[in-house]
Amino acid sequence: MSQERAYIVTGAARGMGQAAVELLLQRGANVLAVDIDGGQLSENASKWSSLGGEAEVATADVSRASDVEGVVQRAVGRWGGLAGIFSIAAILGGVRELAE
């Protein structure tokens with residue numbers, strides 16, 4: 001499937017992130033599900049395979065720019081681009097400026 005149907009969802013292990021992944025898959029999208037909790041992502045992936053679309057999982061800490069860059073590169077490399085990013089993961093520990 002092309003980039004028009006490819007998404008990244010952070011915070012995908014539980015709650016709103018998990019629900020977003022499931023809805024996108026049910027609509028035939030390809031999703032790179034990202035969370036710091038790789039164990040829960042793997043558990044979810046076994047359920048996601050029957051929903052439609054294509055789900056891949058990536059364990060990453062979205063408070064680290066290098067992890068975020070790696071996730072984006074992986075998704076773009078896999079599907080040729082992205083239709084969108086659902087940034088649902090919480091980052092605890094204060095606010096700081098993001099550099100480009």
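Trainee: Which residues of α3 are buried?
Mentor: Val-71, Ala-75 and Trp-79 are the buried ones in α3. Keep in mind that this is a predicted model.

Trainee: And how do they sit around the helix axis?
Mentor: Looking down the axis of α3, its buried residues fall within an arc of 35 degrees, so they line one face of the helix.

Trainee: What covers them?
Mentor: The cover over the buried residues of α3 includes the strands β1 (6–10), β2 (30–35) and β3 (54–59). On the other side of α3, the residues Ala-65, Ser-66, Gln-73 and Gly-77 are exposed.

Trainee: How does the length of α3 compare with what 1.5 Å a residue should give?
Mentor: The two agree: α3 has 15 residues, 65–79, which should span 21 Å, and its end C-alpha atoms are 21 Å apart.

Trainee: What happens just after α3?
Mentor: Gly-80 comes there, with a positive phi of about 85 degrees. Just after α1 you'll find Gly-28, with a positive phi of about 90 degrees.

Trainee: Okay, on to α1. What's its reach from end to end?
Mentor: From first C-alpha to last, the 12 residues of α1 reach 17 Å, close to the 16 Å expected at 1.5 Å a residue.

Trainee: Which of its residues are buried?
Mentor: In α1 those are Gly-17, Gln-18, Ala-20, Val-21, Leu-24 and Leu-25. Seen down the axis of α1, the buried residues fall within an arc of 160 degrees, so they line one face of the helix. The face turned away from that buried side carries Gly-15, Met-16 and Gln-26, which are exposed.

Trainee: What packs over the buried side of α1?
Mentor: The cover there includes β1, β2, α2, β3 and β4.

Trainee: α2 is on that list, so how do the axes of α1 and α2 cross?
Mentor: The axes of α1 (residues 15–26) and α2 (residues 38–48) come within 11 Å and cross at roughly 25 degrees. Angles under 35 degrees count as roughly parallel, and that makes α1 roughly parallel to α2. As for handedness, α1 passes α2 in a right-handed crossing.

Trainee: Who makes the contact?
Mentor: From α1 it is Gln-18, Val-21, Glu-22 and Leu-25, and from α2 it is Asn-44, Lys-47 and Trp-48.

Trainee: Which other residues of α2 are buried along with Asn-44?
Mentor: Gly-38, Gln-40, Leu-41 and Trp-48 are buried as well. Down the axis of α2, the buried residues fall within an arc of 150 degrees, so they line one face of the helix. They pack against α1, β2 and β3.

Trainee: Switching topic: where is Phe-86?
Mentor: Phe-86 sits in strand β4, residues 84–87. With a relative accessible area of 32%, Phe-86 is partly exposed.

Trainee: What does Phe-86 touch?
Mentor: Not counting residues up to four places away in sequence, its contacts are Tyr-7, Ile-8, Val-9, Thr-10, Ala-20 and Leu-24.

Technical notes: Residues numbered from 1 in each chain as written. Predicted model: local features only at pLDDT ≥ 70, side-chain atom pairs only at ≥ 80, totals over all residues. Heavy atoms only, no water. Helix = DSSP H or I, 4+ residues; strand = E, 2+ residues; numbered from the N terminus. Buried < 20%, exposed > 50% of the residue type's maximum accessible area, 1.4 Å probe, protein only. Contact = heavy atoms within 4.5 Å. Expected span 1.5 Å × (residues − 1). Arc of directions from axis to C-beta. Axes fitted to C-alpha atoms, helices over the stretch in contact; angles between N-to-C directions. Parallel < 35°, antiparallel > 145°, perpendicular 65-115°, else oblique. Left-handed = near helix turned anticlockwise from the far one by under 90°.
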